[in-house]
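Here is a short briefing on a structure.

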Amino acid sequence: MSAAAPFHVVDLIRKKRDGHALDAREIDFLVAGASNGSIPVEQLAAWLMAAWIRGLTLDETCALAMAMRDSGEKFNPSRLGKVAVDKHSTGGVGDKTSFLVAPLAAACGVAVPMISGRALGHTGGTLDKLESIPGYRTALSLDEFEAVLKRCGASIVGQTPALVPADRVLYALRDRTGTVENPGLIGASILSKKLAAGLDALVLDVKTGSGSFLRKLEDAEYLAALMVATAEGAGTSTVALMTDMSQPLGRAAGNWIELVEAVELLRGVRPQESEDLRELSLQLAGWMVHLGGKAPTPQAGYALAEAALTDGSALAIFFKMVDAHGGDTSIFDDPAGFHKPGATHVLEAWESGYIAEMDTTAVGMAVQRLGAGRAKAGTPVDPHAGILFDARRGARVEKGQPMATLYATSPAQLREPIATLKQAIRFSQSPPEPVPLVSSIFTRESAEEYLREK
Ligand code: URA
C-alpha cells in the first residue's frame with residue numbers, strides 16, 4: 001500500500017470473496033484504480049468475479065454506480081433548453097430500438113443525449129452498429145455532443161476516455177472474464193453512463209427470457225427495481241419496462257442489417273417480422289415523451305411518437321443526427337448495395353412445424369461468431385455479418401422453407417454458427433403460447449415496494 005492508498009486491494013478482494021459488502025469508500029477506491037490504471041487488471045478481475053459470485057447489495061450497487069458516474073467528466077444538459085430523456089436496454093439480440101426511440105422522442109420535443117455501449121457477451125452493441133455507417137463518429141467531445149444535440153435533438157455517442165472511464169475499463173474486463181450477468185454489475189454499469197449524461201428522466205428496457213443476461217425472471221425484476229430506485233434516488237425520474245427477449249427483436253441481428261431494419265420502419269415500411277420492434281419502440285418512446293413532460297400519459301406519448309413515425313419527422317432527425325456525426329447518409333439510398341458480406345448461407349427448415357422456442361443467447365453467440373462481435377477487446381467487428389430471419393417464433397414452416405440467412409466474414413466462419421442456430425431452434429406440432437412483449441412496468445413506487453419485500 002502506498003502512503004496515499006487507504007486500502008490494500010487484496011483485502012477488498014478477500015472481503016468480497018468471503019461474502020461481505022464493501023462500503024462506499026472501498027468501492028470508490030477500486031473504481032478510481034480502474035480508471036487511472038493504478039490497480040492491475042488481474043486484481044480488478046478477481047474483485048469482479050467475487051462480486052459476481054457473491055452479488056452486490058443495494059448500497060454497493062448505488063456506490064458503484066455513483067463512483068463510476070463520477071470517474072470522469074459529466075454532461076450538463078441544462079444548456080440545451082429542453083428536458084433531457086433517454087432509454088437504455090439491459091442488452092439483447094437484434095435490439096435496435098435506440099435508432100428508433102432517439103429520433104422519435106426528439107421529434108416530440110425532448111432532448112435525447114444517449115451514451116451507449118459496444119457488443120457485450122452474446123449481445124450486440126449500439127456503437128458497433130452505428131459504426132457500420134462510413135464516417136459515423138461515436139467518440140465526440142462533450143462540446144461536440146452538445147452541439148449535435150442542439151442541432152438535432154438526439155445524439156448517440158460512446159464513452160470517451162473522459163466520460164465514465166471506469167465503466168469503460170470494467171465493461172471490457174467483464175466481457176473477457178465471464179462476469180457480465182449479474183444484476184448489481186449490470187445495474188451500476190448502465191446507471192453510471194445514464195447519470196453521467198445528467199438526465200432528467202430515464203426509461204429502462206429490462207429484457208427477460210432466453211436472450212437476456214438474467215434468465216431468471218426474479219433476477220431481471222430485481223435489476224429493474226434496483227435501477228429504478230437508484231436512479232430515482234439520484235434525482236432522475238425513471239421507469240423500467242420488462243420486455244420479451246425469448247427471440248431476437250425484429251428480424252435482423254448483426255450490425256448494418258439492424259440499421260437497415262430500423263430505417264425501413266422509420267420510412268414507414270411495416271414488415272410483419274418487424275412489428276414487435278415497431279411496437280416496443282413506440283411504447284418506449286411514449287414513456288420518454290410522457291416523463292419528459294410532453295404528454296399527460298404514456299399512451300398520449302405513444303400517439304405523439306406514432307405521429308412522428310408516420311409523418312417522417314423522426315426519419316429526418318435520424319438522418320440529421322447521422323450527418324452531424326460525420327456519417328454518410330447516402331448509403332441508405334441503396335442499403336442492399338452497401339451490404340457486402342464475405343459469405344452467405346440460407347438456412348432451410350429441417351422439419352415441418354411451428355417455431356416453438358429459440359435459445360436466444362445461442363442465437364446471439366452465433367451472430368457474434370459470424371463476425372458481428374469480437375473475441376478480443378479492441379478488435380474490429382464486421383459490419384456486414386449477422387442473421388436475417390424470415391420466420392420467427394410462432395411461425396409455421398415447411399421442411400425446406402428458408403428460415404434465415406446467415407452473413408459471415410468468411411466461408412469458414414459459417415460452419416459453427418449454422419450448427420449453433422440449428423441447435424437453438426425447437427419445433428412443435430402446435431402453435432406455442434404467445435409471450436407478451438411488455439410483461440410489467442416498474443415505477444418508483446412499485447420498485448420501492450418490490451425491494452422492501454425482498
Ligand atoms: N449494458 C450496459 O451498459 N452494461 C451492462 O453491464 C450490460 C448492459
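At 23% relative accessibility, Cys62 counts as partly exposed, because buried requires under 20% and exposed over 50%. The model is predicted. The points below go on with the cysteines and then turn to the strands.

**Cysteines**
- Cys152 has a relative accessible area of 6%, so Cys152 is buried.
- The closest cysteine sulfur to that of Cys152 belongs to Cys108.
- These two sulfurs are 16 Å apart, which is too far for a bond, because a disulfide needs the sulfur atoms within 2.5 Å.
- Across the whole structure, the search for disulfides returns zero.

**Sheet**
- Four strands form an open sheet in the order S1-S4-S5-S13.
- The pairing in this sheet is mixed.
- Strand S1 (85–89) and strand S13 (438–442) are the edge strands, and each pairs on one side only.
- From one strand to the next, the twist averages 20°.
- Strands of a sheet pair through backbone hydrogen bonds, either parallel or antiparallel.

**The S4 and S5 pair**
- Strand S4 covers residues 201–208, and strand S5 covers residues 237–244.
- S4 and S5 run parallel and are joined by eight bridges.
- Ala201 has Ser237 in S5 as its bridge partner.

**Helix on the sheet**
- Helix H10 spans residues 217–233.
- H10 lies across S4, S5 and S13.
- Relative to S5, H10 runs at about 165°.

Methods. Residues are numbered from 1 along each chain as its sequence is written. This is a predicted model: local features need pLDDT of at least 70, side-chain atom pairs count only at pLDDT 80 or more; totals for chains, interfaces and linings use all residues. Side-chain values use heavy atoms; hydrogens and water are left out. Buried means under 20% relative accessible area, exposed over 50%, partly exposed in between (1.4 Å probe, protein chains only). Two strands pair if DSSP finds at least two bridges between them. Helices (H or I, at least four residues) and strands (E, at least two) are DSSP runs, numbered from the N terminus. Axes are lines fitted to C-alpha atoms, for helices over the stretch in contact, and angles run from 0 to 180 degrees between N-to-C directions. Contact means heavy atoms within 4.5 Å.
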